[in-house]
Amino acid sequence: MEQDLTLLDAIIAKFRGKHGILIPLLQEVQHTLGYLSRDAMRYVSESLQIPSADIYGVATFYSMFKLKAQGKHIIRVCKGTACHVSDADGIKEALRTELGLGDDEDTTSDMKFTLMEVACLGCCSLAPVIMVDDTTYGTLTPESIKGILERYASGEES
Amino acid sequence: MSTIRVKVGLASCGVAAGAMEVYHVLADYEKTGADIDLQKTACIGMCFEEPIVELSGGELGKLSLGKVDPAQIIGLVEDYQKGVLPPANIILAEKHNAKHNELLAGQYRIVLRNCGVIDPKSIEDYEDHGGYTALKKALSMQPASIIDEVKASGLRGRGGAGFSTGQKWSLAAREKAKKKYVVCNADEGDPGAFMDRSTLEGDPHNVIEGMIIGAYAMGADEGYIYCRAEYPMAIQHLKIAIEAAEKKGYLGKKIMGSDFSFDLHIKEGAGAFVCGEETALMQSIEGKRGMPTIRPPYPAASGLWGCPTNINNVETWANVTWIINHSANEFRKIGTDKSPGTKVFALAGKIAGSGLIEVPMGIPLKDIIYKVGGGMKTDKPFKAVQMGGPSGGCIPASLLDTIVDYDSINATGAIMGSGGMVVMDTGTCMVDVARFFLNFTQNESCGKCTFCRIGTKRMLEILTRITEGKGEMEDIQRLEDLSTNIIKGSLCGLGQTAPNPVLTTLRYFRDEYIAHIQDKRCPAGVCTSLLKYEIIPDKCIGCTACARKCPVSCISGAVKQVHVIDQDKCIKCGACFKACKFDAISKG
């Protein structure tokens with residue numbers, strides 16, 4: 001899909017000439033375009049005269065940066081210690097089954113959901129926990145997953 | 001009738017448990033003209049009872065209610081107004097006989113004193129609770145005497161390593177430079193830890209005020225709070241707090257009429273555990289890949305952009321205001337001689353009272369688990385407590401008399417760490433736990449040091465094959481050799497401590513490793529490849545429930561006859577075990 005890279009001009013102008021900007025800059029680029037495409041990284045590199053190797057280096061170092069298109073809703077499965085001992089794997093399996101994801105897939109074919117694992121969401125007392133976009137759901141069982149996904153699929157939460 | 005004050009705990013964990021719905025119901029109720037004063041607060045600490053509502057201002061005094069149902073809250077408030085006590089099972093604590101008074105009795109709150117008490121978005125509320133008085137006092141002191149006071153308090157870095165905070169401050173203060181920085185490390189990455197999140201969500205100004213005092217003492221004029229992006233509420237509360245403090249003149253130019261100026265910024269992390277290490281954190285603030293650098297030079301000499309920099313953890317900063325207001329002497333009265341003060345812990349796992357606690361140093365571990373934490377969650381007995389996250393270790397039941405201070409915890413092979421405490425029962429497999437942490441550190445290793453990059457990978461492979469029943473006895477020696485080399489050959493704390501979870505489990509739970517290797521058995525019944533499901537003939541009534549659930553149709557037997565599982569075909573999914581209503585299937 002062709003991206004409108006001129007959308008980035010305002011972001012680039014805001015950060016021009018400042019130091020230590022690469023991470024927040026890329027965060028805003030990702031926020032605008034949904035992910036960091038090769039073209040977007042090259043555009044930023046040329047506009048700000050930052051070597052594209054530096055940009056790619058940062059983009060691949062931090063887990064928050066995505067180099068592939070993401071689904072509309074991001075589901076984060078907490079894999080922290082407390083969740084691990086409370087069957088986070090069962091929750092993840094239920095999510096994969098419910099979303100119909102194959103072994104190597106993390107985004108549904110309709111681009112509605114992307115599933116990812118995170119180290120710890122810090123809500124350990126409610127383990128196991130998942131976060132859908134900015135909302136945290138706790139004390140889950142594999143059976144409770146379907147109901148949560150339905151809210152998003154039906155557009156009740158957007 | 002007086003106005004009833006209603007406080008709802010709206011920290012991340014409260015919201016996840018449904019506190020927002022409770023708040024909305026109360027907000028609508030307030031709009032109908034009800035005589036209540038609705039307030040928001042953050043984490044009260046008893047996360048296992050969320051959503052929590054606190055009522056006060058009536059003749060019953062202050063009451064905390066737990067597991068509040070949005071459908072019942074109006075009724076509860078109306079009853080309270082009439083002086084009618086709610087059902088005993090939802091009263092958590094306070095004056096009346098309540099179920100959790102004992103949990104609170106063992107605690108001492110310095111860092112969390114305002115958490116769950118004030119509205120974290122209101123600077124006025126913070127000021128009403130003594131906020132920014134420590135800053136006023138500090139500005140009237142000489143910078144050197146502030147550092148002396150912090151030194152005298154014996155405060156040690158709460159991020160885990162336990163270095164003397166006063167010492168660290170004097171190193172940065174000694175440097176002659178035009179520009180210096182102070183940094184707050186809020187990149188709380190340990191799985192199983194949420195102390196810093198709760199502190200920042202619940203009382204952001206206390207951390208900010210501590211940083212302003214530190215900056216004044218060390219001669220810094222700019223600061224950063226480096227916070228994980230996974231903590232959106234903490235970041236939001238910090239932003240609101242910084243803006244309010246700027247408006248009131250606590251931040252910015254000529255603070256409170258003095259000649260001291262200080263600006264504070266927030267930097268959001270982008271998801272890299274290694275950035276909790278101070279040199280990596282500074283690389284990340286500078287916008288680079290967060291890879292650790294060789295020390296020396298230490299940050300105190302050459303840190304952010306080559307300027308002298310002082311980095312402290314959230315909880316360390318949060319102790320400063322109390323010490324300035326109450327004096328180092330008072331601080332030393334709490335805790336032990338070598339580790340004065342308190343420590344905040346995040347209790348999680350198989351414990352009844354999971355949540356946030358603050359206890360005086362020197363308290364035995366068993367008191368934390370059985371008194372403050374309310375004991376185990378289920379009937380299964382205690383097996384180990386994991387302290388210090390991926391850098392720490394598992395402490396077994398036989399060492400529960402160990403007291404909480406830096407040196408005693410280190411002696412067990414675990415570390416104090418930042419304060420995550422995950423309690424495990426006999427249903428937890430220690431080899432699986434070690435594998436879990438190795439998987440984590442292996443993923444998070446930045447790749448700079450060979451031993452950390454490849455050594456953790458090899459260790460993970462060995463642990464994985466042990467949990468799959470493919471291990472050999474020599475693997476134990478291999479794990480120990482690799483551990484020694486990774487500790488020696490890594491630059492930063494991540495690599496130097498990565499083998500700790502393996503070393504402590506090998507030290508205290510070696511028999512479990514041997515059971516996996518020699519007997520091909522997982523004593524806790526966790527490692528799927530080693531599980532064996534069998535039907536107990538005496539208990540099976542032939543209801544066919546298991547056979548119908550089995551996804552690979554490997555259970556045979558006629559109706560009302562004893563069934564049998566074909567072990568060759570069984571995929572060990574556990575569906576039959578869950579389906580059986582007569583406990584006729586054994587797992588082991």
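The paragraphs below describe a helix pair in chain B and then some backbone features of chains A and B. The model is predicted.

The account begins with helix α9 of chain B, which spans residues 195-202.

On the side of α9(B), the contact is formed by M195(B), D196(B), T199(B) and L200(B). These residues meet V314(B), E315(B) and A318(B) of α13(B).

The surroundings of α9(B) can be considered next. This helix is mostly covered, with eight of its eight residues buried. The buried residues include the contact-forming M195(B), D196(B), T199(B) and L200(B). Also buried in α9(B) are R197(B), S198(B), E201(B) and G202(B).

As background, most peptide bonds are trans, and most residues other than glycine have a negative phi. In chain A, the peptide bond running from A127(A) to P128(A) is cis, with omega near -5 degrees. P128(A) is placed in the loop between β2 (113-118) and β3 (130-132) of that chain. Chain B has a cis peptide bond between P296(B) and P297(B), where omega is about 5 degrees. P297(B) belongs to the loop that connects α12 (278-285) with β9 (309-313) of chain B.

D133(A), a residue other than glycine, has a positive phi near 50 degrees. This residue lies in the chain A loop between β3 and β4 (135-137). D133(A) counts as partly exposed because it has 13 C-beta neighbours inside 10 Å. In chain B, S553(B) is not a glycine either, yet its phi is positive at about 45 degrees. The loop between α23 (545-549) and β16 (555-556) of chain B holds S553(B). With 10 C-beta neighbours inside 10 Å, S553(B) counts as exposed, since the limit for that class is 12 or fewer.

Terms used
Residues are numbered from 1 along each chain as its sequence is written. Chains are lettered from A and ligands numbered from 1 in the order in which they are written. This is a predicted model: local features need pLDDT of at least 70, side-chain atom pairs count only at pLDDT 80 or more; totals for chains, interfaces and linings use all residues. Axes are lines fitted to C-alpha atoms, for helices over the stretch in contact, and angles run from 0 to 180 degrees between N-to-C directions. Helices (H or I, at least four residues) and strands (E, at least two) are DSSP runs, numbered from the N terminus. Two residues are in contact if their C-beta atoms, placed from the backbone, lie within 7 Å. A residue is buried if 20 or more other C-beta atoms lie within 10 Å of its own, exposed if 12 or fewer, and partly exposed in between; C-beta atoms are placed from the backbone.
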